[in-house]
Amino acid sequence: MKGKKIAKVLTMLLILATMFTVVGCSKKGEEDNTETKTETTGKTETAETPNEGEGTAKTLADYEKVNAFKYFGMGSGVETEQFNNSPTAQLVKEHTGYDVYYDQAPADPIDAQTAITNIFMLKSDYQAVKVSKEQFYTLLEMDALLPITEYVNASTNLKEVITDFGWQTATKDGEIYAIPQKNARLASDTAIAFRLDWLNEYNTANPNAQIPVPSKENNYSMTLSDFKAMLTFFATKVPAGGKAMAIDVQTVYQENILPAFGIYNEWAEVNGKLEYAINQPGFEDYMKYMEDLFDNGLIQYQATANDAGAAKSLQARTVGAGRIPHWNAATIEATDTAATDDNISYIQALVPDENKGDANAVRVFAKQGYGFYTVIPKYSTPEQAAAVIDWADKKLDKDFFLEMVLGTEGETYTVENGEYYPILPTFDEKQGLADKFMDGIREDDYATYWLCRTRKTEAQDKMFSIANYNIEKTGIQNPITVMPPNTAYDTYYTAANIEVKDTLVTTLFEKGTSLSVDDIKAVFNGLQGEEITASVNEWYQNWELKDSFNTVQPR
């Protein structure tokens with residue numbers, strides 16, 4: 001089954017390269033056959049942004065624009081008719097003045113990719129398409145996109161609320177080719193949930209060897225030795241058949257544990273060079289630590305998707321700890337057993353023993369980056385392009401953006417001490433689709449607005465707050481998340497990464513097998529690992545933004 005999945009990924013990459021080459025060879029400036037031109041709303045001369053000092057710069061009001069167009073966006077989970085008739089769709093129409101018909105990508109990723117491929121290959125009647133970062137860079141490489149620099153320069157909001165870093169990720173040879181949409185904020189999705197009531201019980205029984213409870217004072221951290229001691233005690237508390245800690249299938253890279261060994265993301269800079277996790281110093285010690293926990297009967301590994309994972313095991317109280325994402329917090333805290341919400345807490349990250357209690361020593365995997373890009377097919381007309389950018393620009397009006405994202409104060413959300421909280425169930429009913437209408441965001445504002453979505457339950461709010469406590473000083477990102485298309489990486493990495501993780505599962509979480517870190521490296525190198533690393537670094541060494549990407553330094 002694993003071989004079939006890898007083959008499917010590689011086959012899709014080859015198909016896409018072939019399909020998009022057809023697009024890239026099409027005549028430049030060729031227009032489609034759509035009949036969407038309408039009365040003009042501005043001047044008709046060629047739109048060029050004047051140089052500074054050459055007179056008044058153009059605004060979007062000065063361009064001819066259509067008043068209706070078709071948009072292809074990400075799947076929303078509801079039928080297309082319901083999406084087009086949703087309150088948010090009507091709100092956007094009233095505010096912007098544009099009559100937009102929204103179509104949606106299929107839920108299946110392969111089907112979605114095929115649909116996007118067909119749009120550009122067949123020159124389908126869509127004037128705006130929302131794509132992933134990977135899809136954007138592929139389309140850019142294939143010369144399938146219309147440059148939008150002049151329209152962005154003429155905008156009111158876009159050029160102000162999206163950072164220069166964001167625009168640079170959407171730029172090639174001095175031209176902007178997309179509206180970049182930043183993920184809401186620098187964040188970590190996960191933390192290690194654990195039974196606080198059991199830890200308190202341990203500390204009561206061991207007054208001379210207490211384990212400091214994760215708290216603000218230590219940046220919700222715990223040392224490697226204390227974590228093992230806690231799990232050893234938990235093993236005496238779980239019911240028959242249970243284990244101290246649950247680990248989900250294929251999560252051999254435990255992002256809340258790895259930083260204790262100096263591994264700060266799956267790809268991280270080491271002495272000026274990007275290295276894959278297994279090639280980073282400290283990985284051998286990480287392997288020994290995790291294998292030791294398993295060999296001592298402290299880890300329950302989810303061998304298949306049918307086995308109980310961390311969330312279900314924590315909910316059932318058959319384990320005492322487990323790494324989970326914040327959206328599972330309410331699930332594990334909502335139970336009829338004696339372990340109430342107050343008895344579940346979270347660890348942001350483990351730290352080396354020598355950094356016990358040192359809040360400044362905490363580091364965590366974090367991510368932000370730009371997840372989506374709104375592009376305009378190269379065959380679109382200038383009137384269509386100006387309309388799409390004007391529509392996106394109007395959605396970023398400060399007051400309207402707040403209304404589009406969160407709704408109406410007192411009806412769908414409340415504000416307490418400058419923080420936004422949802423009013424349920426109204427918030428979900430009226431704002432559940434709001435994020436699907438964003439094309440670019442007010443980056444500073446949305447970082448605050450978005451937290452409303454992490455506060456749907458007290459449990460989720462608590463966990464997300466702990467997982468991201470002081471994240472601006474602890475979070476380190478993976479540069480690969482903003483890397484343009486890279487032939488070696490795109491062709492070989494998925495298969496190599498899967499095989500390495502499968503091999504790690506064998507040595508870490510199966511009895512009778514013990515491989516060395518050199519054995520693991522040999523697996524990676526045998527699947528073009530050295531070529532992947534060299535290719536990644538060829539980009540990284542010449543990347544203009546690398547010095548500003550990560551503001552948090554290794555410990």
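**Aromatic contacts in a predicted model**

**View 1. Lysine over a tyrosine ring.** Lys-70 places its charged end over the ring of Tyr-126, 4.7 Å from the ring centre. A charge sits over a ring if NZ of Lys or CZ of Arg is within 6 Å of the ring centre and within 35 degrees of the ring normal. This is a predicted model: local features need pLDDT of at least 70, side-chain atom pairs count only at pLDDT 80 or more, and totals for chains, interfaces and linings use all residues. Residues are numbered from 1 along each chain as its sequence is written, and side-chain values use heavy atoms, with hydrogens and water left out.

**View 2. Arginine over a tyrosine ring.** The charged end of Arg-455 sits over the ring of Tyr-421. Its distance from the ring centre is 4.7 Å.

**View 3. The pair Phe-69 and Tyr-98.** The structure holds 41 aromatic pairs. Phe, Tyr and Trp rings (six-membered ring for Trp) pair if their centres lie within 6.5 Å; planes under 30 degrees apart count as stacked, over 60 as edge-to-face and the rest as tilted. Phe-69 and Tyr-98 form a tilted pair, 6.1 Å centre to centre with 55° between the planes. Both residues are buried (under 20% relative accessible area, 1.4 Å probe, protein chains only).

**View 4. The pair Phe-261 and Tyr-289.** This pair is tilted, at 5.6 Å centre to centre and 55° between the planes. Phe-261 and Tyr-289 lie 28 residues apart. Both are buried.

**View 5. A ring cluster.** Ring pairs link Tyr-253, Phe-261, Trp-267, Tyr-276, Phe-283, Tyr-286, Tyr-289, Tyr-489, Tyr-493 and Phe-524 into a cluster.

Technical notes: Buried < 20%, exposed > 50% of the residue type's maximum accessible area, 1.4 Å probe, protein only. Helix = DSSP H or I, 4+ residues; strand = E, 2+ residues; numbered from the N terminus.
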